[in-house]
Amino acid sequence: MPILLQSLQSARGPDAGQRPSAGTPADGDGELRDGELTLLIGPVGAGKSSLLRTLAGVVPPVSGQVYYDGQPLWRGRRAAPTLLLRVGLVFQSPEQQLFARTVQGEFHYSLRPYHLPPDLIAARTAAALAGTGLNTRILSQSPWYLSGGQRRRLAVATTLATATDWLFLDEPTAGLDALALPQLLQTLQQLRNERREQGRGGLVVATHDLDALLPIADRVWLWANGRLRWTGTPAQLVEQEALCQAYGVGPTEVQATRRALLAAGVDLPGELWQAEGLAAAVAASLQFPANQLPTLDADRPWDAAAALECPASDALPPALAAEGTRLAEPSPLDARARWLCCSLLTLGVLAQTHPLGVLFGVLLAAGMCLRARTPVSAWRRVTLPYTWMTAFSTLFAGLYWQPATGLSWHGLGFAIPAALTTLQALLRLYAVVLLGLWLTSGSSYLALQQGLAHTLRHLERWRVPVAPLALGAGLVLRFIPCIGQELERFSQIARARGKSRARAGALRASDLPVVMIPLLAALFQLAEDLALALEARGLRQWPAAPPADPEARWHSAEWRAVAGAVLALACLLALREVLPVC
């Protein structure tokens with residue numbers, strides 16, 4: 001069952017850089033062959049994890065299509081149900097996805113979509129546990145009583161038990177110790193060989209660990225800016241030094257060692273890309289007579305950094321060499337100006353007492369988000385849940401029952417003034433939420449914290465604890481988005497494990513325990529790590545607010561933004577006076 005990619009583009013991370021320009025090589029077409037282990041490599045934020053989730057039917061592509069045996073995987077934002085059962089996905093940090101009371105419950109959940117008989121479930125469970133080095137005696141235990149390494153292997157085993165044609169793994173070597181790595185490599189080769197013998201499917205592994213996984217790979221895909229940029233064998237990848245340098249991939253330890261030996265005068269013939277071959281070549285080169293051994297120039301010290309640096313090459317097109325290394329331009333507004341604008345407009349929005357004034361505040365906040373090019377994903381995470389909450393709250397606020405008419409439909413009524421009052425309060429809060437989205441989308445949390453501390457530093461004369469206030473505001477701004485990100489991550493895990501047929505982004509009611517338990521555990525762990533980090537950095541004794549930076553002066557953009565905020569505040573206050581209280 002080969003996989004064909006047609007003009008496919010996956011979503012990318014925040015560090016991915018600009019959208020690929022027209023005319024760049026590779027148009028998103030590719031083929032994953034049966035019986036092969038394919039490595040998926042590329043820079044951070046290139047969209048490798050998103051590609052795996054697209055191939056597994058969890059996240060729809062930005063554009064293009066995926067075909068399994070000629071059948072399209074995606075139909076709009078829904079994946080084909082029959083194809084979902086033929087693919088398996090192991091996420092990063094899979095030990096965080098466990099939720100059941102027992103280990104046996106974890107296997108039952110992963111195998112439930114396949115409707116297998118009990119004896120086959122038991123056989124697959126035992127085989128998966130044995131393949132990951134676990135014993136069947138843990139089936140009655142709680143996953144939370146296992147060690148971290150055992151939980152990770154258990155999570156991988158629940159995916160292996162599904163015996164899917166294609167298996168996708170996201171950074172499987174991350175966090176593994178030296179003893180567990182050989183077992184993982186052996187397992188991957190065994191899984192590849194089984195699929196090769198049966199003539200079905202294969203493995204795709206997204207990784208940055210080329211030294212461990214390159215020797216066992218059959219093919220390599222270089223993924224950057226959400227598209228396929230290059231494909232070839234591991235031996236061919238090692239020879240593409242200019243390509244690897246342009247995309248920040250490698251060099252491997254073998255490449256670095258060979259360059260160091262060449263810089264020292266040891267010429268090793270042949271295409272060497274495996275450690276064993278390099279060791280054999282080094283051993284053979286040392287069997288020369290003593291008068292033929294290479295010697296170092298005593299007058300020219302060896303520069304190790306220069307030896308390890310990738311050599312420049314003119315074979316790479318300039319447009320390709322520059323692609324993948326561009327980062328988004330920083331926000332033109334100073335953080336202090338952002339805080340001031342947000343505070344002025346929030347004051348004006350909260351002062352509104354008429355629906356038209358509140359609506360003007362919402363439109364003003366939405367226009368600011370559009371002007372700042374707030375990411376669509378962030379806008380959607382805020383808007384969709386709030387819209388549903390507003391609709392239901394307004395509906396229920398307007399409903400009333402008249403007992404005098406008895407229990408009949410004629411006693412049910414709808415009070416428009418009560419509904420409008422609730423709608424007005426929720427829209428006012430929505431405008432404030434959009435202003436907060438604009439505040440956080442254009443500056444980093446550290447910049448916002450420092451900007452607030454600079455703005456309030458004069459209050460220390462009256463013994464106002466400026467540093468704790470600024471730190472608290474920064475932590476709140478940092479922690480709240482983490483909740484949405486973690487919720488989305490665990491909902492994707494639930495859809496992948498449960499083979500959900502719902503449209504991407506939706507979550508079934510039956511999957512809520514699968515999401516909420518790991519989500520709460522992750523948030524508690526995040527809060528504990530944050531508290532320990534603050535204590536380790538000695539923040540029990542609050543430092544004074546940082547002094548003003550003489551170079552951090554406002555430019556015309558900051559002054560125009562503040563002037564616009566003052567003008568908008570004046571308009572909002574004028575509306576409050578003109579429009580009647582409602």
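Predicted model: local features only at pLDDT ≥ 70, side-chain atom pairs only at ≥ 80, totals over all residues.
Residues count from 1 along each chain as its sequence is written. Local features need pLDDT of at least 70, side-chain atom pairs count only at pLDDT 80 or more, totals for chains, interfaces and linings use all residues, and side-chain values use heavy atoms, without hydrogens and water.

**Exercise 1. State the confidence of the chain, and find a stretch where pLDDT is below 50.**

Step 1. pLDDT is the predictor's confidence in each residue, from 0 to 100. Its mean over the protein chain is 77. Of the residues, 75% reach 70 or more.

Step 2. Look at residues 14-26: pLDDT is below 50 there. Beyond near neighbours in sequence, this stretch has 26 contacts in the model. A contact means heavy atoms within 4.5 Å.

Step 3. Residues 404-408 also stay under 50. The model gives them 5 contacts beyond four places in sequence.

**Exercise 2. Work out the order and edges of the sheet of 6 strands.**

Step 1. Strands (E, at least two residues) and helices (H or I, at least four) are DSSP runs, numbered from the N terminus. Two strands pair if DSSP finds at least two bridges between them.

Step 2. The order is S8-S9-S10-S3-S11-S12, in an open sheet with mixed pairing. The edges are S8 (87-90) and S12 (227-232), each pairing on one side only. From one strand to the next, the twist averages 20°.

Step 3. Zoom in on S11 (residues 219-224). This strand pairs with S12 in the antiparallel sense over 5 bridges. Tryptophan 223 has leucine 228 in S12 as its bridge partner.

**Exercise 3. Do likewise for the sheet of 4 strands.**

Step 1. Read the order: S2-S1-S4-S5, open and antiparallel.

Step 2. S2 (30-32) and S5 (71-72) each have a single partner strand, so one side of each is left without a neighbour in the sheet.

Step 3. S1 (residues 3-9) and S2 share 3 bridges. Leucine 5 is partnered by glycine 30 in S2.

Step 4. Axes are lines fitted to C-alpha atoms, for helices over the stretch in contact, and angles run from 0 to 180 degrees between N-to-C directions.

**Exercise 4. Describe how H15 packs on H17.**

Step 1. H15 (residues 355-371) and H17 (residues 416-441) have axes 9 Å apart, at an angle of about 20°. That makes H15 roughly parallel to H17; the label covers angles under 35 degrees.

Step 2. Find the contact residues. Those in H15 include Val358, Val362 and Met368. Among their counterparts in H17 are Leu427, Tyr430 and Trp438.

Conventions
Parallel < 35°, antiparallel > 145°, perpendicular 65-115°, else oblique.
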